[in-house]
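Please study the sequence and the structure before reading the solutions.

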Amino acid sequence: MNLKDKIADYPNFPKKGILFRDFSPILKDPSALSYVADEFSKYFHPKDIDVFAGIESRGFILASILASRYNKGMVMIRKAGKLPGKTTKLSYTIEYGKDTIEIQKDIIKEGERVLICDDLLATGGTAKASAKLIEKIGGEIVGFAFIIELVDLNGMKGISKYNCKSLVKY
């Protein structure tokens with residue numbers, strides 16, 4: 001299956017000069033969803049993963065799909081102030097300023113192996129920060145799963161020490 005045929009392009013969204021690659025049409029197609037899960041299962045073995053982590057918000061979807069396929073759990077990495085209970089936060093620099101993400105402190109046990117999921121890898125700032133955040137609370141990063149990678153933005157550079165897989169490259 002050619003996933004590029006299922007990805008919609010929206011020029012000048014969310015602002016002028018940006019070409020937004022939208023994976024929403026994949027979500028509507030059960031065969032495409034199954035294909036995505038099948039492709040990642042060729043790359044990441046279930047015995048190597050304890051839990052999936054989804055990066056807010058589209059990463060939640062991919063992490064949930066894979067967690068269900070692998071019969072594992074899923075946790076959320078969210079923007080600051082969105083999670084109840086005790087959290088651990090990490091601030092980081094992004095292309096247009098600073099951002100902060102958080103995870104619940106006790107959601108991952110020491111040594112649990114985590115696969116981080118997101119719909120798209122661009123500059124890699126949030127992905128790299130997510131790995132640092134999970135490691136900060138004791139998790140071990142198995143790797144990253146992305147549906148889309150914007151190759152020209154060099155997002156893989158910041159996470160190259162991890163096992164990374166993207167299904168569609170632009």
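**Exercise 1.** Determine how strand S5 is joined to strand S6 and which residue in S6 is the bridge partner of Leu90.

*Solution.* Step 1: S5 and strand S6 (residues 97-104) run antiparallel and are joined by eight bridges. Strands (E, at least two residues) and helices (H or I, at least four residues) are DSSP runs, numbered from the N terminus; two strands pair if DSSP finds at least two bridges between them.
Step 1: Ile101 in S6 is the bridge partner of Leu90.

The model is predicted: local features need pLDDT of at least 70, side-chain atom pairs count only at pLDDT 80 or more, and totals for chains, interfaces and linings use all residues. Residues are numbered from 1 along each chain as its sequence is written, and side-chain values use heavy atoms, with hydrogens and water left out.

**Exercise 2.** State the order of the strands in the open sheet and identify the edge strands.

*Solution.* Step 1: The order is S5-S6-S4-S3-S7-S8-S9, seven strands with mixed pairing.
Step 1: Strand S5 (87-94) and strand S9 (163-169) each pair on one side only, and are the edge strands.

**Exercise 3.** Describe how H2 and H3 cross and which residues meet.

*Solution.* Step 1: The axes (lines fitted to C-alpha atoms over the stretch in contact, with angles from 0 to 180 degrees between N-to-C directions) of H2 and helix H3 (residues 58-70) come within 10 Å and cross at roughly 70°.
Step 1: H2 is therefore roughly perpendicular to H3, a term for angles of 65 to 115 degrees.

Terms used. Parallel < 35°, antiparallel > 145°, perpendicular 65-115°, else oblique. Contact = heavy atoms within 4.5 Å.
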